[in-house]
Amino acid sequence: MGDIPKYLGDAGTRAALLDMLLDHVYLSLVPLVVSIVLAIVLGLLCHRFRRVNATLVALSNVVYTIPSLALFAIIPAVIGTQVLDPLNVIIALTVYTTALLVRPVAEALAAVPAHVTAAATAMGFRPLRRFLTVELPLSVPVLAAGVRVGSVSNISLVSVGALIGTGGLGTLFTDGFRQRYLAPIIVGIVLTLVLALVVDLLLVLLRDRLTPWARAGGKP
């Protein structure tokens, strides 16, 4: 523990830590945003078509069981990227997070009261408008819970990418183990935890902003 002040006292180390932190944010949050969009589309298909629901949910469960390191290694061979290309990690985490969110999105849409959608239809709302202005907003609380889990999962899994040369803060773990130096490992753990907490807090604030009725303790 006494090595940490010495480790952080070097200006070059602090600059490297900032670069790793920014890389970690990029590698974890870009897949999260992309997967939210994909999961909403797939979740809507699950909600509209029962046969699609069973197939996609089962497929999502299978995909989520694939070991992350194996997926990181397979993707370059599938899409033809370089092994150290950050795109490999982005695609892998997008696949994982989409698989994680499909079921919550479908369940959230199914939980929207039928009389609410019926009222919107009676008011002349076409399906797309009804989905964007009624069903999706009412699904935000359940969807937000899944997104929070996905964000923590992504921030954690990015570190695994360090084993193939692209891992943001995970580089601190591999360097620390290789050099048998504890300071970077501890710093990496702390920064990863802080990043996860900050992102989770921002998602909670965004959820509350999008659901003012829940914040007021009432119904929409």
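**Ground rules.** The model is predicted, with local features needing pLDDT of at least 70 and side-chain atom pairs pLDDT 80 or more, while totals for chains, interfaces and linings use all residues. Residues are numbered from 1 along each chain as its sequence is written, and side-chain values use heavy atoms, without hydrogens or water.

**Fold.** I looked up the secondary structure and found 10 helices and zero strands. Helices here are DSSP runs of H or I, at least four residues, and strands are runs of E, at least two. The pattern along the sequence reads α-α-α-α-α-α-α-α-α-α. I then checked the C-alpha box: roughly 65 × 45 × 20 Å along the principal axes.

**Contacts.** I took pairs at least 6 apart in sequence, and 71% of their contacts (heavy atoms within 4.5 Å) join residues at least 24 apart.

**Surface.** I noted that 41% of the 220 residues are buried, meaning under 20% relative accessible area with a 1.4 Å probe, protein chains only. The protein exposes about 12,200 Å², and carbon and sulfur atoms supply 70% of that.

**Charges.** I counted 16 positive and 10 negative charges, with mean positions 16 Å apart. Lys and Arg are the positives, Asp and Glu the negatives; His and the chain ends are not counted.

Which space did I look up last? The largest pocket holds about 310 Å³. A pocket is an open set of points on a 1 Å grid where a 1.4 Å probe fits, with protein on both sides within 12 Å along at least five of seven lines; lining residues have an atom within 4 Å of a point. The lining has 16 residues, and Ile 36, Leu 143, Val 147, Leu 206 and Leu 210 are the closest to the centre. Helices α2 (11-48), α7 (127-158) and α9 (182-210) each give two or more residues to this lining.

Terms used:
Buried < 20%, exposed > 50% of the residue type's maximum accessible area, 1.4 Å probe, protein only. Areas by Shrake-Rupley, 256 points an atom, 1.4 Å probe, with all protein chains shown as cover. Charge placed at Lys NZ, Arg CZ, Asp CG, Glu CD. Points joined across faces, edges and corners; volume = space filled by probe spheres on them.
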